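Me: I would like to check the terms used for this protein. Please take them one by one.

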Amino acid sequence: MLVLSGITSTVTAQTSLHQQIDQLIAEGKPQFEQQAAPLTDDATFLRRVTLDLTGTIPTADEVRTFVADSSPDKRSQRIDQLLASPEHARRLQYLFDTMLMERRPGKYVKTAEWEEYLRQSFLENRPWDELVHEILTVDGTDKTTRPAARFLLDRELKSEVVTRDLGRIFLGRDLQCAQCHDHPNVNDYLQRHYHGLDAFLSRSYLFKDPKTKQASIGEKAEGQVSFTSVFTKEEGMTAPRVLDLPEIPDPADAQKAYKVKPAKNVRSVPVYSRRLQLADALTSQNNEAFQKNIVNRLWAMMMGQGLVEPLDMWHSDNPPTHPKIVSLLSKELARNQFNLRYVIRELALTQTYQRSSHVTAESEIPERSAYQMGLLKPLTPEQLAWSMMQATGVTSATLERLQTKQRKVDEKQKTKKADDPLWQEEALHDALKGNVAAFVRTFGIVGAQTTRFDASADQALFLLNGNTIQAWLAPSGNQLTARLKKLDQPTAIAEELYLSVFSRFPTETELKQVALFLEGDQKPSDQDLQQLIWAALSSDEFRFNH
């Protein structure tokens, strides 16, 4: 058994999980190694994995150090360092908030409380099934667990919304078109599948306390789910069930129906709760769809697209491109107690993940689903915001200011918070979260987790004329423009620029281009340097993880 950085693996065979994945990717392709792209260089790997695991680019100094390191296991060491960092928990907070709440505004649960709940869960590396179980069982009456109720409360327990999202987000199946009839285009999606999920929550309702005005979840003890096809007029009835798993009947021997009976302005609580059966049924080891859905979403996060695309359209006519990998990952996830960090680590260790996004001039570009080369991934709004602040020096300047202030407090209180990585991450986030919110408003896409990239005129104007970006380009303190001003040679300017923005050293051609742009200036003007930085930040290379 392997234990590393809070990650426990029960894989004891000589072939590790990441090696098995690589073998399955190459299976049946005799010329795979000759056709596949080589492993990417160290600088590109560092940028890729830092973005994927912590949501931002590395600093220029981190790139220099990593490239110069000759340790044979430096990539695996860096993966473990990133996974153990507080920034990784924040990255997953952003990712799963988008996946679970799809950028809904907070209505009954404050968004900040929900986000903190997620972050703390990922800091503790809570098992995915445990986290989902809590999200689907809390009723919002207990202050300590109330944030977890946001998934249901902020959907107001509306049947058509919650049922569809249970299928899409936790099972990878969009059953919306099976509400009124069997799906007309997907033979696998039946009306009883939709209403089987609906039956878990059909007795539940949104209760608003007349005194506190606080919303919570009430439930009745009776009510059956029946349905009629608008096409065939065929009638049906179902107890709660998950897809084709057995129905879950109500107990027949209940002595009384309610703990708290229904009454005016009273939240009723039944003795037997159908809603509480949902989490058990959804996260059951028998429900392979739950396991396969989350490994598909983690694969999309790391590799650039799901083994099933779209992520919520899993059916027999749209099977996984690599079913053996899905089966392997889902089984290993279950064996490792739904440890997401373990799966993410193994994906990052694969050669599949670490391949270059470029092929040689004489090679044909392979199909995306072959995973013979790295796929381009558009940066999320949060990644873009933090990466721009990292590149321009806003992050380091802000942290330095916060540490200076905190050290005075530490000196008085005999503490050492200023040097604590967790305090640093939390303090930075609180100081800069307004900037992140501005990027989410401009670049955020309302809706499901996606691997698509769509640019808009508003986004271009934000980058071109936005006051936020212009302020970051000001030559103040130790921000990037100010650092470049201190350098005399175009070569030194180009190197610092490329390391800071692109996380790599410039090529000879790029060195000449920067020198040509600055030609004739004994000392480059602030405007010249700001134009250079802005052009780099606005480039395709910066906007994508590659």
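**Pockets and a buried histidine**

Reply: The second largest pocket has a volume of about 650 Å³. The model is predicted, with pLDDT of at least 70 needed for local features and 80 or more for side-chain atom pairs, while totals for chains, interfaces and linings use all residues. Side-chain values use heavy atoms, without hydrogens or water.

Me: What makes a space a pocket, and how is its volume defined?

Reply: On a 1 Å grid over the protein atoms alone, a pocket is an open set of points where a 1.4 Å probe fits, with protein on both sides within 12 Å along at least five of seven lines. Volume is the space filled by probe spheres set on the points, which are joined across faces, edges and corners.

Me: Why is H18 called buried?

Reply: Buried means under 20% relative accessible area (1.4 Å probe, protein chains only). H18 has 18%, so H18 counts as buried.

Me: What does H18 touch, beyond residues up to four places away in sequence?

Reply: H18 touches E346, L349 and T350. Contact means heavy atoms within 4.5 Å. H18 itself lies in helix 1, residues 17-26.

Definitions and conventions: Residues are numbered from 1 along each chain as its sequence is written. On a 1 Å grid over the protein atoms alone, a cavity is a set of points where a 1.4 Å probe fits but cannot get out, and a pocket is an open set with protein on both sides within 12 Å along at least five of seven lines; lining residues have an atom within 4 Å of a point. Helices (H or I, at least four residues) and strands (E, at least two) are DSSP runs, numbered from the N terminus. Buried means under 20% relative accessible area, exposed over 50%, partly exposed in between (1.4 Å probe, protein chains only).
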